[in-house]
Amino acid sequence: MTQFWLMKSEPSECSIDDLAGAPKKTVPWFGVRNYQARNYMRDQMQVGDGVLFYHSSCPEPGVAGLATVASTPYPDETQFDPKSHYFDAKSTRETPRWQLVDVKLDRKTRLLSLAEMRQTPALASMMVLKPGNRLSITPVTPTEWKAITKLL
């Protein structure tokens, strides 16, 4: 059964345009350093799951496109690189702490702003709209997915 996810990316790190310009329109979702978000990728995401590509930490946050989970989880190489902002000295190749999945662009969309999402009754219980939620990856219900794709 297909699941749905909202995955946040700062446009300065990887924007929807970067995804569109990537080889095979696919990027590894690297740099996640929150255990719950990691667990979603490692334990629950399946190839073919739907992704709301969400721009965060920018002047106008919101859904910027639709994508698909394109790989099974595998170790995030940035955890092993001492020069990387995402380096984790406690992670080893034998027991990596951080996993990622590849994400493939389905289509770039108009920006569905956070403000517009907040005004949509069908999205009232969406995790990204809850106060204090800072997770970079959150599950999206089929009802929320349908409501968002209708707005796009």
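How do the residues of the lining of the largest pocket divide into nonpolar, polar and charged?

1. The model is predicted: local features need pLDDT of at least 70 and side-chain atom pairs pLDDT 80 or more, while totals for chains, interfaces and linings use all residues. Residues are numbered from 1 along each chain as its sequence is written, and side-chain values use heavy atoms, without hydrogens and water.

2. The lining of the largest pocket divides into 14 nonpolar, 7 polar and 7 charged residues. Nonpolar covers Ala, Val, Leu, Ile, Met, Phe, Trp, Tyr, Cys and Pro, charged covers Asp, Glu, Lys and Arg, and polar covers the others, Gly among them.

3. The largest pocket holds about 720 Å³ of space. Its 28 lining residues include Lys8, Ser9, Glu10, Ser56 and Ser136, the closest to its centre. A pocket is an open set of points on a 1 Å grid over the protein atoms alone, where a 1.4 Å probe fits, with protein on both sides within 12 Å along at least five of seven lines; lining residues have an atom within 4 Å of a point. The volume is the space filled by probe spheres set on the points, which are joined across faces, edges and corners.

4. Thr109 is in contact (heavy atoms within 4.5 Å) with Val63, Ala64, Gly65, Leu66 and Leu152, leaving aside neighbours within four places in sequence. Thr109 and Ala64 are 45 residues apart in sequence, yet their C-alpha atoms are 5.5 Å apart in space.

5. Thr109 has a relative accessible area of 11% and is therefore buried (under 20%, 1.4 Å probe, protein chains only).

Terms used:
Buried means under 20% relative accessible area, exposed over 50%, partly exposed in between (1.4 Å probe, protein chains only).
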